[in-house]
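The sequence and structure come before the details.

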Amino acid sequence: MELLSLLNNNLSFKNRTDWDKTLLLLEETFKSPETLKLKGIALSLVEAVRLMDGFIQENTAVVCPECVKVCCKNKHSYYDHEDLIFIYSLGKKAPRYEPEIDDDDACRFIAANGCTLERALRPFRCNWYFCGPLIKHMEEGPQKAYRRFIAIFHDTIDLRRRLLGDFFALIK
Ligand code: SF4
Ligand code: SF4
């Protein structure tokens with residue numbers, strides 16, 4: 001199937017032809033009632049990420065203002081092919097990216113108070129990346145909150161794996 005061959009690590013909005021074709025095929029695929037099960041998994045994933053939000057926010061609020069090498073570069077702002085599957089499972093669409101911002105410039109979604117995207121809808125790499133100082137701060141904070149965060153974090157990984165596995169099983 002054409003969609004299967006397009007969904008790989010090379011997919012980028014910078015190749016407009018493949019990108020637009022992929023979005024079109026995803027839109028068609030997600031019209032099928034068979035994909036409703038995927039929506040359920042994606043919604044559970046959103047809920048799980050929301051449960052982590054407060055804990056992450058409390059920690060980034062302390063650590064990030066001191067940062068001299070902010071990680072939010074524009075190259076991280078784009079959905080990859082797996083993010084697209086998640087976003088379309090939710091019935092949402094990818095933003096219309098424009099190439100006017102360099103990869104190493106500040107991310108197009110960053111503002112004075114941090115990322116403007118809801119955490120659950122950020123590219124997944126943004127939700128699993130934690131720099132050394134941030135991890136240290138989390139680990140040295142209240143243990144109960146940290147353990148809860150780790151458990152939910154693992155849930156998000158499992159849900160995402162399930163979502164992608166079920167999606168690829170459906171379209172192959
Ligand atoms: S997560 Fe780490 S690298 Fe990124 S802005 Fe915060 S302190 Fe800096
Ligand atoms: S967390 Fe938000 S601001 Fe930072 S790289 Fe990701 S999308 Fe951009």
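At what angle do the axes of helix α4 and helix α7 cross?

## Basis of the model

This is a predicted model, in which local features need pLDDT of at least 70 and side-chain atom pairs count only at pLDDT 80 or more, while totals for chains, interfaces and linings use all residues. Residues are numbered from 1 along each chain as its sequence is written, and chains are lettered from A and ligands numbered from 1 in the order in which they are written.

## Packing of α4 and α7

The axes of α4 (residues 81-89) and α7 (residues 143-171) cross at roughly 85° and come within 10 Å. Axes here are lines fitted to C-alpha atoms, for helices over the stretch in contact, and angles run from 0 to 180 degrees between N-to-C directions. The two helices, α4 and α7, are therefore roughly perpendicular to each other, a label for angles of 65 to 115 degrees, where under 35 is roughly parallel, over 145 roughly antiparallel and the rest oblique. Helices (H or I, at least four residues) and strands (E, at least two) are DSSP runs, numbered from the N terminus.

On the α4 side the contact is made by E82, I85, F86 and S89, and on the α7 side by L163, L164 and F167. Contact between two residues means that their C-beta atoms, placed from the backbone, lie within 7 Å. By class, the contact of α4 with α7 has five nonpolar residues, one polar and one charged. Ala, Val, Leu, Ile, Met, Phe, Trp, Tyr, Cys and Pro count as nonpolar, Asp, Glu, Lys and Arg as charged, and the others, Gly among them, as polar.

## Buried residues and the core

In α4 the buried residues are L84, I85, F86, I87, Y88 and S89, and they pack against α2 (16-29), α3 and α7. A residue is buried if 20 or more other C-beta atoms lie within 10 Å of its own, exposed if 12 or fewer, and partly exposed in between, with C-beta atoms placed from the backbone. I85 counts as buried because it has 23 C-beta neighbours inside 10 Å. Beyond four places in sequence, I85 touches L163, L164 and F167. L7 is 78 residues from I85 along the chain, and their C-alpha atoms are separated by 9.0 Å. After α4 comes G91, with a positive phi near 85°.

The largest nonpolar core has 19 residues, of which I41, A42, L45, L84, I85, F86 and L163 touch the most other members. Such a core is a set of buried Ala, Val, Leu, Ile, Met, Phe, Trp, Tyr and Cys residues joined through C-beta atoms within 7 Å. Two or more residues each come from α3, α4 and α7, and α3 gives the most, with seven. Leaving aside neighbours within four places in sequence, A42 is in contact with F86, S89, L90 and L163.

## Ligand shells

Which residues surround ligand 1? They are T60, V63, C64, C67, V70, C71, C131, P133 and L134. The elements that give two or more residues to this shell are α3 (36-63) and α6 (132-139). By class, the shell around ligand 1 has eight nonpolar residues, one polar and no charged. A residue is placed near a molecule or strand if its C-beta atom, placed from the backbone, lies within 6 Å of it.

Around ligand 2 stand C72, H76, S77, C107, F109, I110, C115, L117, R122, P123 and C126. These divide into eight nonpolar, two polar and one charged.

## Residues in loops

N8 lies in the loop between α1 (2-6) and α2, and counts as exposed because it has 11 C-beta neighbours inside 10 Å. N8 and D80 are 72 residues apart in sequence and 8.4 Å apart in space, C-alpha to C-alpha.

Y97 is in the loop between α4 and β1 (110-111). With 17 C-beta neighbours inside 10 Å, Y97 counts as partly exposed. Not counting residues up to four places away in sequence, Y97 touches F13 and Y78. N113 sits in the loop between β1 and β2 (114-115), and is exposed, with 7 other C-beta atoms within 10 Å. The C-alpha atoms of N113 and A151 are separated by 27 Å, at 38 residues apart along the chain.
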